[in-house]
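Please keep the sequence and the model in view while reading.

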Amino acid sequence: MDCKLAVSLMHDYLDDDLAKEQNMMLKAHLQSCADCHMRFKELEQTEMALYSLPRHIPTASKELTERILNTLPKHKEPQIWVKWMKRHPAATAAALFLVVMLLSVINVFNQDSQLVVQGNNLDQIVIEGNTVIVPEGNVVSGDLTIENGKAEIFGDVEGNLTVIDGSLYTASTAQISGQVKSVDQALDWIWFKLSNVFSEIAYR
C-alpha cells in the first residue's frame, strides 16, 4: 500500500468503515511508514478532541417560543360551503349554471313589456292600447293568452284564459269554460313557459 492510499483510508478506519482486508493492509503500512503513522496519530487525536467537545444544542426558552408562535399568522379554516364546493366541483358548476340561467330568465321576464296576445280567432277581441277586450256577445274559441296587458272579458272564452304580468277583469256576462290563470311572478312565468313547451312536444 502506498502512502496516498493509506491517507485516504485513515478516516474510514477511524469511523470503523473499512473492510477487514483493508484494515489489515492499513495497519501494516502504518507500522512500516513513520510519516503515515505520525499523520494517523494526529488525525486520531483531532477526532478525539472533536468528540470531547460539549454537544450542547442551544434551545429557545418556552416563553420565547410562545411569543414567536403568537406572532405567526393564524391558520384560517375554510368555510363549510367552500369545503363542499371543493369536494363537489361538478355539482357546484351545475348549481352556478342554474343560477345564471335563472337570473337571465328573470331579467328577460322583467324587460319584456310588449303586449302579446295568443289565441285562435283573435278577430273576436278588441285591443285598445294595452287592454284586450272580449266584447259581450263575442266568442273566442280555444285558449286565450295575454301577456303584459289588461284583460277585460265581457263575452265568452271557450278554453283557458291566461294573463301574464297583467290584470284581469271579468264582467258578470263573461263565460270562461276553462281555467283562469294569472301569472305575475317570474317563477310562475318560467313554469308556464316550460309547461307550454312540454305540452307542444307531447301533442306533436
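This is a predicted model: local features need pLDDT of at least 70, side-chain atom pairs count only at pLDDT 80 or more; totals for chains, interfaces and linings use all residues.

The expected span of a helix is 1.5 Å times one less than its number of residues. H1 has twelve residues, and the distance from its first C-alpha to its last is 17 Å, close to the 16 Å expected at 1.5 Å a residue. Of its 204 residues, 23% are buried. Among contacts in the chain with a separation of 6 or more, 27% are accounted for by residues 24 or more positions apart.

Which residues of H1 are buried? They are Ala6, Leu9 and Met10. Seen down the axis of H1, these buried residues fall within an arc of 135 degrees, so they line one face of the helix.

The loop between H1 and H2 contains Asp16. This residue has a positive phi of about 60 degrees although it is not a glycine. As background, most residues other than glycine have a negative phi. Is Asp16 buried or exposed? Its relative accessibility is 64%, and Asp16 therefore counts as exposed, the cut-off being over 50%.

Helix H3 comprises residues 34-52. It has 19 residues and reaches 27 Å from its first C-alpha to its last, close to the 27 Å expected at 1.5 Å a residue. Its buried residues are Cys36, Phe40, Leu43 and Glu47. Because these residues cover an arc of only 65 degrees around the axis, they lie on the same side of H3. The face turned away from that buried side carries the exposed residues Ala34, Asp35, Met38, Gln45, Met48 and Ser52. Helix H1 (3-14) and helix H2 (20-32) are included in what covers the buried residues of H3.

The packing of H2 against H3 can be examined next. Two packed helices are described by the angle between their axes and the distance between the axes. For H2 and H3, the angle is about 110 degrees and the axes are 5 Å apart. The two helices are therefore roughly perpendicular to each other, since angles of 65 to 115 degrees count as such. Which residues meet where H2 contacts H3? From H2 come His29, Leu30 and Ser32, and they meet Ala34, Cys36, His37 and Phe40 in H3. By class, this contact has four nonpolar, three polar and no charged residues. Two of the H3 residues named there, Cys36 and Phe40, are also among the buried residues of H3.

Val132 is located in strand E3 (residues 131-134). Its relative accessible area is 0%, and Val132 is therefore buried. Not counting residues up to four places away in sequence, Val132 touches Leu115, Val117, Ile125, Val126, Ile127, Ile146, Lys150, Ala151 and Glu152. Of these contacts, Ala151 is 19 residues from Val132 in sequence, with 4.9 Å between their C-alpha atoms.

Another strand residue, Ile164, belongs to strand E8 (residues 161-164). Ile164 is buried, with a relative accessible area of 1%. Ile164 and Leu115 are 49 residues apart along the chain, and their C-alpha atoms are separated by 9.9 Å. Leu115 is also one of the residues that Val132 touches.

Two loop residues complete the tour. Ser113 lies in the loop between helix H6 (89-111) and strand E1 (116-119). With 58% relative accessibility, Ser113 counts as exposed. Ser113 and Asp165 are 52 residues apart in sequence, while their C-alpha atoms are 8.6 Å apart in space.

Asn148 is found in the loop between strand E5 (144-147) and strand E6 (150-153). Its phi is near 60 degrees, a positive value in a residue other than glycine. Is Asn148 buried or exposed? At 11% relative accessibility, Asn148 counts as buried, whereas Asp16, with a phi of about 60 degrees, counts as exposed.

Methods:
Residues are numbered from 1 along each chain as its sequence is written. Side-chain values use heavy atoms; hydrogens and water are left out. Helices (H or I, at least four residues) and strands (E, at least two) are DSSP runs, numbered from the N terminus. Buried means under 20% relative accessible area, exposed over 50%, partly exposed in between (1.4 Å probe, protein chains only). The arc is that of the directions from the helix axis to the C-beta atoms. Contact means heavy atoms within 4.5 Å. Axes are lines fitted to C-alpha atoms, for helices over the stretch in contact, and angles run from 0 to 180 degrees between N-to-C directions. Angles under 35 degrees count as roughly parallel, over 145 as roughly antiparallel, 65 to 115 as roughly perpendicular and the rest as oblique. Ala, Val, Leu, Ile, Met, Phe, Trp, Tyr, Cys and Pro count as nonpolar, Asp, Glu, Lys and Arg as charged, and the others, Gly among them, as polar.
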